[in-house]
Structures are given as structure tokens and as C-alpha cells.
Amino acid sequence: MGFARTCSVALVGVEGVVVEVQADLEPGVAAFTLVGLPDKSLSESRDRVRAAVVNSGAEWPQKKLTVGLSPASVPKGGSGFDLAVAAAVLGAAERIDPRAIADLVLIGELGLDGRVRPVRGVLPAVLAAADAGYRQVVVPEQTAGEASLVPGVSVLGVRSLRQLIAVLTDEPVPDEEADEDGRPDAMLAGLLVPGACLGTGLAAEATEGPDLADVAGQHRARLALEIAAAGSHHLLLSGPPGAGKTMLAERLPGILPPLTRQESLEVTAVHSVAGILPPGEPLVRRAPYCAPHHSATMQSLVGGGNGLPRPGAVSLAHRGVLFLDEAPEFSGKALDALRQPLESGHVVIARAAGVVRLPARFLLALAANPCPCGRHTLHGAGCECPASVVRRYQARLSGPLLDRVDLRLEVEPVTREDLLGRGGRGETTATVAARVHEARARTAARLADTPWRVNSEIPGHELRTRYLAAPGALAIAERDVERGLLTARGLDRVLRVAWTVADLNGHDRPDSQDIALALELRTGVARGVPVGAGEPA
């Protein structure tokens, strides 16, 4: 009788659970039984592992073989357990020393020829192993860079089961034949889900994005964009077609600061699980950008799928920008499903297979036309939409959703002078990004001893008791609350925006003009604040 055990990781959303893989050999009719709540793809590993072991030059044990995955109560799926199952079987058959694999965490899919194929979710899996106290992991060679992002863990990248056996038995490590020159590596096929990265902006990670200087005019909209980036405030741009709403939103990620190390790990973990992490780019360093089409379902926005839910657009935009163009055309249920992650920074999805908690702290940018034809706000443009149609169209963005949007701006059509360049070229992305970086630095210094990073995360109670505005500055906002123009949540959001404006201006605390600008951007009612107020001198 032979027994061996090793470890692998089961992913539940973007969180991992270390699974002990046990193999037991007993005399009897040759059979292979896999237990421990495996799904279909994991059950098929019996055939993959048997073929891979034989084609790697090892002998398959002709005994009764039972492989158990513990804890048995945790659902397990995917092909990432293949390498651990093969190692446990070889340990039970004494082809390798069982003690050599007892403290290893092995992740990878096996091909029938014994080659180790990469799988998605390596980073969160290795993070879970490190948190559980494991310090040695074995992963496919193509994902070794991703696994090495976790500090304190020794990573071994292998290209085949033969190489793993040689390493564990102190034999010469064989060289595996590489693909022919010019042919794409077929082993990378398991890392990317076809079509999954469309609209995420990850393909342009290594290149410069569009420049804000390309936007003609729109000085007030550019100011709102800067404030949104400095304080991570949600933004609604409404106006006629062709005014530049989409151009502005596409340039928002470029003025966001680079991700910190912890943020990069969070974003990379989500993208690795979703299968949109570009090969050769193990760490996402720039803020992601996700722009789903308006036909997107609620499940595609917040997460879903068969079995355990997979990350949706709100999670793919974690620490970045989620842009919903033509927002009124989205399903009402899909839009209202954003309300919870907008408040909490995460989304909890309950399905029959289990409950998954996914990160979803993103900056929401909405773009909307004033009516179905888009000409309602234009004078003499010939809008023929009845008043009832206009009201229904605008009501598709519900009040509770809009109450969570800090900045609401009417984008005016571009003037002829601005379009022809007579008004001068606007500031570049680099110039605005530098001011945003300085404002974020002031915010970080003020919030150094708190759990918050940006002004939009500060609770309302703290804003009213700890972070006070200048004396008398809130008088105009208090009158709006009394007249019903502002809700309690709206007042808190005005205060957050005012703090961001103060940080951009270098003020120690918001003054009356900072509050007035925040109110104007919130309510759309002019407060006598000149264009350019809030911009550094």
C-alpha cells in the first residue's frame, strides 16, 4: 500500500483555498477514483493524468487508486489540479519521494504528452498559498513571472512533468523542445478567454493612451474630469452627440495616478482569474478601463456565469474606470445593480453553487444624450421628441443611481473657434496628470493615519465632525438641503468634492468658492463660479 499527499489551490472568485491532494494505492482491480466534489473538467483529469504519466516515461500503477481532494466541502473546478494529482500518484507509487512533495503547492494543467499548460488565476492562487504558510510553489513556466510577484515564495516554473520528476529525484533535467520560430506558443491558449478583453483597454497597457489635448474646448468638462480623477468621484456627462463626451471619458484613465504595488496585485489577480491578463505582462501597473456595450446584461456587469460567478465589468474596472456610453440605453436592472458596489467597493454574488465576494472599487463615468434624438438641448436643432418621451428617456437613470454620482455636467456643443483651434490647444494629459498627482499627495498626507485613500472614500460622519470646511463656507449648501435640492447623501458628496477642489487649489480646507463649485457640478445650477475656478494658478 502506498500513500502520498501534496497541495493545490481552489479558487472561489478571486480568493483561494488551499486543497490537500491525497493519493492512496491499495491491492485490487486497477481503477482510478477521484473524490472531493470535483466538477466535470476536474473529473476528466483522470484521463489526462494517466496519459501524461505514461508519456513522461513513468509507470502507471496497476492497483486500486483513490485520489481525494480535501476539504471535500469546497467546490473544486478547472484543470489546475492536474499537476498536483500526478505528483501525488507518483509519490504513492514511490516514483518520487512522498516527503519531497508534502510541502509543495502545485498548479497547472497537463497535456496528454506530459507538458504542463498554464492556467488562469495563478496570482490569487499563490497569494492564498502564501497566506496559508506555504513557501514553495510549482507552476507552469509561462506563469512563473506572475507567481513571482508574491513576496516570500520560492517559485519553480516547469514546462513538463518530466522536468518536475527530474527536479524532485535529483536527476538531470531534460530540455523540452520549443515551438518553431514565428509560430505562436500554443501553451498560452489557456491564459486568455477569447473576446474577454474586449472593451477593457488592457491591450494598450504598454502604449500611451489618447491625449487630453486632442479635446477641443470643453474647459468646464475638462475641469470636471480633473476633479473626478483627483478624488475618484463618479461622473455623468450629458449633452448632444458630437460634443466630446466619449473623447473625454476615454482620456480619464490617462490622468489617473499609476497603481500602487498593492493595487497592482489586486487588479492583476482579478484579470488573471478572468482570463484577460496579457501574456508577458504579469503585473498591471496602470488603471484599467472597461467600456461595455449598452446591450450588456446585469450578469456581465456585476458578475455571473454557470457554477461559481466570474468577475464582471465592475470587477474588471477595479481601481480604474468603468465607462458606460449611452447610459440610458442600458437595462434598468443592470444600472441599478451598480448601486451596491458604488457604495461598498465590492460586489457580493449569491448563486446556488456558492457566494462570491469580488472587489469593485471603480470610478464610474456615464455619458448620456438628453433625448433619443440627442437634439433636445440644442436651440433651433429641430428636436421632435415629445415631452413625455424625453422624460421617460431621462428617467432611465434612476434617482438612487444619480444620487451616487458626484459630478453631473451638461456638455455644450463645441464652438467653431474651439473646433478650428482658434481658442488655443488645451493642456496635455501629462500636465493635468501632474496636478492630479499633487492633489492626491495632499489627500494622502491628510489621510495618512486613516483607512481611506481618496476623498470619495471618507464617510459622511467624518466629513461633518473631523474634516470641517472653513467657517461659513457651508451656508449655501445648507440652504439647498432645506429646499430639497440636496439629500443627506448628496451633501456628503458635495463635501467630498469640495475637499478635492481644495486639494487641487492647495487650500488647507474648503472655502466658500470650493463649496460653490462642488455644488454647481453636483446640481447643475450656476453658482457664479468662473470657468477655471478650482484650477491651480
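The protein chain holds 22 helices and 16 strands, where helices (H or I, at least four residues) and strands (E, at least two) are DSSP runs numbered from the N terminus. This is a predicted model, in which local features need pLDDT of at least 70 and side-chain atom pairs count only at pLDDT 80 or more, while totals for chains, interfaces and linings use all residues. Residues are numbered from 1 along each chain as its sequence is written, and side-chain values use heavy atoms, with hydrogens and water left out.

**Overall build**
- Along the principal axes, the C-alpha atoms of the protein chain fill a box of roughly 85 × 50 × 45 Å.
- Of the 537 residues of the protein chain, 50% count as buried, meaning under 20% relative accessible area, with exposed over 50% and partly exposed in between (1.4 Å probe, protein chains only).
- Among contacts (heavy atoms within 4.5 Å) with a separation of 6 or more, 72% join residues 24 or more positions apart.

- Leaving aside residues up to four places away in sequence, Ile-227 touches residues including Ser-232, Leu-407, Val-497 and Leu-521.

**Strand E9**
- Leu-156 is found in strand E9, which spans residues 154-158.
- The side chain's residue, Leu-156, is partly exposed, with a relative accessible area of 30%.
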